[in-house]
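Thanks for coming. I have one structure to go through today, so please look at the sequence and the model first.

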Amino acid sequence: MYSNDDGDDDGRVSTSEALRHVLIFQLKLAADALRDFLLSPLSLLAFAIDAVTRPKVEHSLYLRLMLMGRRSDRMINLFDDHADSGEFTIDRAVDEVEEILRTSKGDGQSQGTAVDANEVALRRRDRKESSPD
């Protein structure tokens, strides 16, 4: 996690890899905090509506909100619990952005970026279509 992928680092912590990891973790923490900030009042509102309307379980706004919270938890993937789930996560988004930047930087042409962005979008769509919901 903190060492270079090249295998020539003799097991020492790579500053660049550790910095990358901590920056992504901070991004995830911010996303998690924003989600919590939004879900707190929404959960109270959903509960109040459910308490008044008394819907069937499958129509409960509160339970739908809980399901949305679980999905967002997997997407944020704060502690890498869902890294191999095949779902779209912040980690995957960062990897795809890095790949686009690496590719466009490598050929020195901005035209490659649009093509690469389209390829990434197509791969994401293909994964979404092939994964069960």
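This is a predicted model: local features need pLDDT of at least 70, side-chain atom pairs count only at pLDDT 80 or more; totals for chains, interfaces and linings use all residues.

I will start with a term. Buried here is under 20% relative accessible area.

Now the overall picture. The protein chain has four helices and zero strands, so the pattern along the sequence reads α-α-α-α. Of the 133 residues, 21% are buried. The accessible surface is about 10000 Å², and carbon and sulfur atoms supply 59% of that surface. Among contacts with a separation of 6 or more, 40% are between residues 24 or more positions apart.

Next, helix 1. Helix 1 does bend, by about 25 degrees at Leu39, and Pro41 follows within four residues. The buried residues of helix 1 are Ile24, Lys28, Asp32, Arg35, Leu39, Ser43, Ala46 and Asp50. Why would a list spaced like that occur in a helix? An α-helix has 3.6 residues a turn, so residues three or four places apart point the same way.

Ser60 has a relative accessible area of 8%, so Ser60 is buried. Which side chain does Ser60 meet in a polar contact? The partner is Asp50, at 2.5 Å. The side chain of Ser60 also reaches the backbone nitrogen of Leu63 at 3.2 Å. Leaving aside residues up to four places away in sequence, Ser60 touches Asp50 and Pro55.

On to the loop between helix 2, residues 61–76, and helix 3, residues 90–107, which holds Asn77. Asp80 is found in the loop between those two helices as well. Most residues other than glycine have a negative phi. Asn77 is not a glycine, yet its phi is positive, about 50 degrees. Asp80 is not a glycine either, and its phi is about 60 degrees.

Last, Asp91, which is in helix 3. Its relative accessibility is 18%, and the cut-off for buried is under 20%, so Asp91 counts as buried. What does Asp91 touch, not counting residues up to four places away in sequence? The contacts are Ile24, Lys28, Asn77 and Asp80. With Asn77 there is a side-chain to side-chain polar contact of 2.9 Å. The C-alpha atoms of Asp91 and Phe25 are separated by 9.4 Å, though the two residues are 66 apart along the chain.

To close on Asp91: its contacts include Ile24, which is buried in helix 1, and Asn77, which sits in the loop between helix 2 and helix 3.

Notes:
Residues are numbered from 1 along each chain as its sequence is written. Side-chain values use heavy atoms; hydrogens and water are left out. Buried means under 20% relative accessible area, exposed over 50%, partly exposed in between (1.4 Å probe, protein chains only). Contact means heavy atoms within 4.5 Å. Accessible areas come from the Shrake-Rupley method with a 1.4 Å probe; for residues, only the protein chains shown count as cover. A polar contact is a pair of N or O atoms within 3.5 Å; within protein, one must be able to donate a hydrogen and the other to accept it, and residues adjacent in sequence count only if both atoms are side-chain atoms. The bend at a residue is the angle between axes fitted to the seven residues ending there and the seven starting there.
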